Amino acid sequence: MKQETFRRAAYTVECKDYVHVVEFNPFDCGTAESLIAYGGNNYVVVGTCRFQEEDAAVEGIQYKTLRTFQHESRVDAIVWSPETRLDALPPHIRFCTAAADRKLRLFTSDLKDKNEYKTLEGHSDYINDLVFSPKGQEIASVSDDHTCRVWDLEENLRAYFVLRSPGMSVGWHPEDAFKLMVAEKNGTIRFYDLVTHQAILSLTTDQTPLMSANWCLKNTFKIGAVAGNDWFIWDITRSSYPLDKRPVHADRARLFKWSRVNENLFATTGYPGKMISQLLVHHLGHPQPILIGSAPLGSGLTWHRTLPLCAMGGDHKVYFWVTEI
């Protein structure tokens, strides 16, 4: 592997604790700055950032914390609502978390006097992933308890799917609001029709455990995942079997996330080996990773909404890498 592909993080943001998860807001919130949230053992920080790649007046990164939300348990996942707006008066911030106590918490804030959350309870084991519906009125979650649940914003359970193994990832595409993607640890990815509540399509890997899957925002037919040591890519119009797969992480792959600006660009992370987590950025036109990074005890993975820039959490820091493609 070429030495020049290894990169130190281009930017970092100091944090008061270990960062378990980090998430850029993938939606336009009405301002030039990007919203970002990261979660630790008992808090969520919401902030804004702007990078020199999008504004020449910025030197490196310009980061500002907007608010720290207290959280009763370790934050395992964060998802932004498409209803979030910074240009509203007052601002409207909404996000949902999954926590180690097996509960979802739906936060709503105006960054001033209104700061509240609702608790969504029902899962009996760890929650691995969650997602807002395209209009922001429902939330889907998957868990080690072998279920996928769909909730409304009033804490009501709207749909319930029994899985054959732990649910690892869930996806809702803005161009396909009546279809839900659910990835299971046994290597199966199913799509459910939310009108009939029936499975309508399934994809499969030839190895386990499947740890993460992601629906490509730029191409609704593309699905990516990591299982075992490999990444997998499907075109759901062509086959239920992967179009491509390649080995990536020697110590097992952990996360897969598509870029939000290029349908051929994606990132994967591995499990921490010797207290270091590896980040690989891949392009489908290149046989080898185009960027290799690492972070102490790194966890979480997210892409910027408009830049080929990804971030990962770690020990008292958020790390940012920029790709040229």
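Me: Which residue in S12 stands opposite Ala 140?
Reply: That's Val 150. Keep in mind that this is a predicted model.

Me: Okay, and how do S11 and S12 pair?
Reply: In the antiparallel sense, over five bridges; S11 covers residues 138–143. The two strands make a hairpin with three residues between them.

Me: What's the phi of His 146 in that turn?
Reply: Positive, about 65°.

Me: What does S12 do with S13?
Reply: S12 and S13 (residues 157–162) also pair in the antiparallel sense, over five bridges. Trp 151 has Leu 157 in S13 as its bridge partner. This is a hairpin too, with four residues between the strands, and Glu 155 in the turn has a positive phi of about 75°.

Me: Is S12 mostly covered or mostly open?
Reply: Mostly covered: six of its six residues, 147–152, are buried.

Me: Which way do the S12 side chains point?
Reply: Thr 147, Arg 149 and Trp 151 point one way, while Cys 148, Val 150 and Asp 152 point the other way. All of them are buried.

Me: Switching to rings now. How many aromatic pairs are there?
Reply: The structure holds 18 aromatic pairs. One of them is Phe 24 with Phe 320, a tilted pair at 6.1 Å centre to centre and 55° between the planes.

Me: What does that pair tie together?
Reply: Phe 24 is in strand S2 (residues 21–24) and Phe 320 is in strand S28 (residues 317–322), so the pair ties together parts 296 residues apart in sequence.

Me: Are those two buried or exposed?
Reply: Phe 24 counts as buried because its relative accessibility is 0%. Phe 320 counts as buried too, at 1% relative accessibility.

Me: Which residues form the aromatic cluster?
Reply: Phe 69, Trp 80, Phe 95, Phe 107 and Tyr 117 form one cluster. Phe 69 also has Arg 67 over its face, at 5.7 Å from the ring centre.

Me: And what about Lys 16, which ring does it lie over?
Reply: Lys 16 lies over the face of Tyr 43, at 4.8 Å from the ring centre.

Note on methods: Residues numbered from 1 in each chain as written. Predicted model: local features only at pLDDT ≥ 70, side-chain atom pairs only at ≥ 80, totals over all residues. Heavy atoms only, no water. Phe/Tyr/Trp six-rings, centres within 6.5 Å; stacked < 30°, edge-to-face > 60°. Buried < 20%, exposed > 50% of the residue type's maximum accessible area, 1.4 Å probe, protein only. Lys NZ or Arg CZ within 6 Å of the ring centre and 35° of its normal. Pairing = 2+ DSSP bridges.
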